[in-house]
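User: Got a model open here. Can you walk me through how the pieces pack?
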Amino acid sequence: MEEKEKNEKSEQTLRNLGREELIMRLKEMANAEVLPMEERPMGAMCYSIRYPEPIYTFVCPKCGRTVENLRTDPRNHFLSIVSYVKKIRKLGYDAKIEQACLACSGIDHSYDPYDWFPYDVNILFYFRFKGEETYHKTIANNWRMYEAVLAFLRDKNEYFVDHGDLMYVSENQAIIEKMLGIKI
Ligand SMILES: [Zn+2]
């Protein structure tokens with residue numbers, strides 16, 4: 001059996017912890033040691049910033065309104081985040097996302113800790129703990145937020161982001177609390 005497969009198997013049997021267990025884990029990680037920034041392994045930086053033409057449109061599946069002049073394709077953005085949600089679901093957690101226009105988003109649309117995506121089109125993240133009936137809903141447009149949640153649910157305080165930078169779950173505690181609807 002390949003190493004990757006083996007890891008995924010053991011992950012599946014280990015996870016799907018309930019609300020209280022996850023709050024406990026987050027508390028433990030909050031107190032774990034973190035390397036200072038200058039001692040962390042750094043990945044390659046991406047310096048080129050492109051400002052593409054605003055050509056994309058989005059039709060809200062909830063109200064049918066068309067949002068025009070978007071600089072990024074909301075479908076691509078959605079698909080890249082779907083891949084994180086799939087991984088969260090693979091761990092045994094009940095999570096899902098949907099897209100909506102600003103008017104249909106219904107919750108604090110200004111929340112983005114990285115302030116990268118002040119969107120007219122939002123991604124709504126739903127998370128439901130086992131044994132609970134209702135989903136916790138929040139707007140989460142930034143894939144970095146999903147990355148933090150995924151690392152936490154994998155029980156890994158340390159994780160590497162796309163360019164190879166080392167990150168810590170404990171530094172993203174507010175994001176995790178926000179997205180899962182918990183508070184330590
Ligand atoms: Zn709408």
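User: What does helix α3 lie across?
Analyst: In this predicted model, α3 (residues 74-90) lies across β3 and β4. The helix runs at about 165 degrees to β3. Axes are lines fitted to C-alpha atoms, for helices over the stretch in contact, and angles run from 0 to 180 degrees between N-to-C directions. Contact means C-beta atoms, placed from the backbone, within 7 Å. Helices (H or I, at least four residues) and strands (E, at least two) are DSSP runs, numbered from the N terminus.

User: Which order do the strands of the open sheet take?
Analyst: β3-β4-β5, with antiparallel pairing. Pairing takes at least two DSSP bridges between two strands. β3 (94-101) and β5 (136-139) each have a single partner strand, so one side of each lacks a neighbour in the sheet.

User: And how many bridges link β4 and β5?
Analyst: Four, with β4 spanning residues 121-128. Phe125 has Thr138 in β5 as its bridge partner.

User: Switching to α5. Why is it largely enclosed?
Analyst: Ten of the eleven residues in α5 (residues 143-153) are buried, so the rest of the structure largely encloses it. Buried means 20 or more other C-beta atoms within 10 Å of the residue's own, with C-beta atoms placed from the backbone. Trp143, Tyr146 and Phe152 are among them.

User: What covers them?
Analyst: The cover includes α2 (19-30), α3, β6 (158-160) and α6 (173-180).

Definitions and conventions
Residues are numbered from 1 along each chain as its sequence is written. This is a predicted model: local features need pLDDT of at least 70, side-chain atom pairs count only at pLDDT 80 or more; totals for chains, interfaces and linings use all residues. Two residues are in contact if their C-beta atoms, placed from the backbone, lie within 7 Å. A residue is buried if 20 or more other C-beta atoms lie within 10 Å of its own, exposed if 12 or fewer, and partly exposed in between; C-beta atoms are placed from the backbone.
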